[in-house]
Amino acid sequence: SSGINAEWPLRPGYKLYFEARLMSFNIMVPTVGAASASRDADQKRRHTKPVLPPCTRSNIVSLDCEMVGCGSKGRISTLARCSIVDYAGNIIYDSYIKPIQPVTDYRTKWSGIKKKHLVNATPFTEARKIIKKHLHEKYIIGHDLRNDFQAVKFSPHPLLIKDTSKCLALRHIAGLSEQKKPSLRTLTGLVFGKSIQTSSHCSVEDARAALMLYKKVEDQWDAATNPYLNDTYWDAVKY
């Protein structure tokens, strides 16, 4: 026998004792009731129709980012340039951004980023604050924006996102299958007969291309692309 009483967990006060010991090592002991209430509140927040800013031209921007590789063999995509243009295509923000981690692959062929661009670039933490201010309460246009938001570490409400890679109306105009997600270069070429990314990517050019695509189907965008704006969607939500 180890000398430990098999009935020790049933002794009065054991729970408080071990909670105190865990807290002494900075290990958080969640309260079941509080955790449950937090989950319920989060679920309700996710399924409550938000109050959105008016979708006017002054509240619409287009975003594109260029990434470089960090870590082993450059596998970690990291923000190195961010461009934001307004509804008229004017540049609101365009800056090279210095990653926190050392760059191991500049991906110049695709990103257009070279080592010299990042020597005096804006540090990521500083750049992110500025980018978030420009995107706050704005409708954000872009192509396959999931990658851009991940790089910026920014999560806007889904209703504020206008992602041209997911727009079926644009696929119809381009003569593509609804099941085929086209690249920005392909979609722009088929819809406008315009070539982009002929050498390497430019985030300003890509942001403007996505903006052009959005304007092409702007009047029918929400009805065809964003079911969340339909009140019947929210009426059917159960929580």
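**Exercise 1.** Find what share of the chain's residues is buried, and describe the chain as a whole.

*Solution.* Keep in mind that this is a predicted model. Start with burial: of the 239 residues in the chain, 36% are buried. Next, look at the secondary structure, which consists of ten helices and seven strands. Finally, consider contacts between residues at least 6 apart in sequence: 59% of them join residues at least 24 apart.

**Exercise 2.** Work out which strands pair with β3, and in which sense.

*Solution.* Begin with β2 (residues 76–86), which pairs with β3 (residues 91–98) in the antiparallel sense over five bridges. Within this pairing, Arg 81 stands opposite Tyr 96 of β3. The hairpin of β2 and β3 has four residues between the strands, and there Gly 89 takes a positive phi near 90 degrees. Now move to β5 (residues 122–123): β3 and β5 pair in the parallel sense over two bridges. Here Ile 97 has Thr 122 in β5 as its bridge partner.

**Exercise 3.** Locate Lys 73 and Asp 144, and decide for each: buried or exposed?

*Solution.* Take Lys 73 to begin with. It sits in the loop between β1 (60–70) and β2, and its phi is positive, near 60 degrees, although the residue is not a glycine. Exposed means over 50% relative accessibility, so Lys 73, at 68%, counts as exposed.

Now take Asp 144, in the loop between β6 (139–142) and α5 (145–152). Asp 144 is another residue other than glycine with a positive phi, near 55 degrees. Buried means under 20%, so Asp 144, at 18% relative accessibility, counts as buried.

**Exercise 4.** Describe the largest pocket: how much space lies in it, and what lines it?

*Solution.* First comes the volume: about 430 Å³ of space lies in the largest pocket. Then comes the lining, made up of 21 residues; those nearest the centre are Cys 65, Glu 66, Met 67, Asn 147 and His 201. Which elements contribute at least two residues each? They include β1, α3 (108–111), α5 and α7 (184–192). β1 gives the most, with four residues. Last, sort the lining by class: five residues are nonpolar, eight are polar and eight are charged.

How values were computed: Residues are numbered from 1 along each chain as its sequence is written. This is a predicted model: local features need pLDDT of at least 70, side-chain atom pairs count only at pLDDT 80 or more; totals for chains, interfaces and linings use all residues. Side-chain values use heavy atoms; hydrogens and water are left out. Buried means under 20% relative accessible area, exposed over 50%, partly exposed in between (1.4 Å probe, protein chains only). Contact means heavy atoms within 4.5 Å. Two strands pair if DSSP finds at least two bridges between them. On a 1 Å grid over the protein atoms alone, a cavity is a set of points where a 1.4 Å probe fits but cannot get out, and a pocket is an open set with protein on both sides within 12 Å along at least five of seven lines; lining residues have an atom within 4 Å of a point. Grid points are joined across faces, edges and corners, and a volume is the space filled by probe spheres set on the points. Ala, Val, Leu, Ile, Met, Phe, Trp, Tyr, Cys and Pro count as nonpolar, Asp, Glu, Lys and Arg as charged, and the others, Gly among them, as polar.
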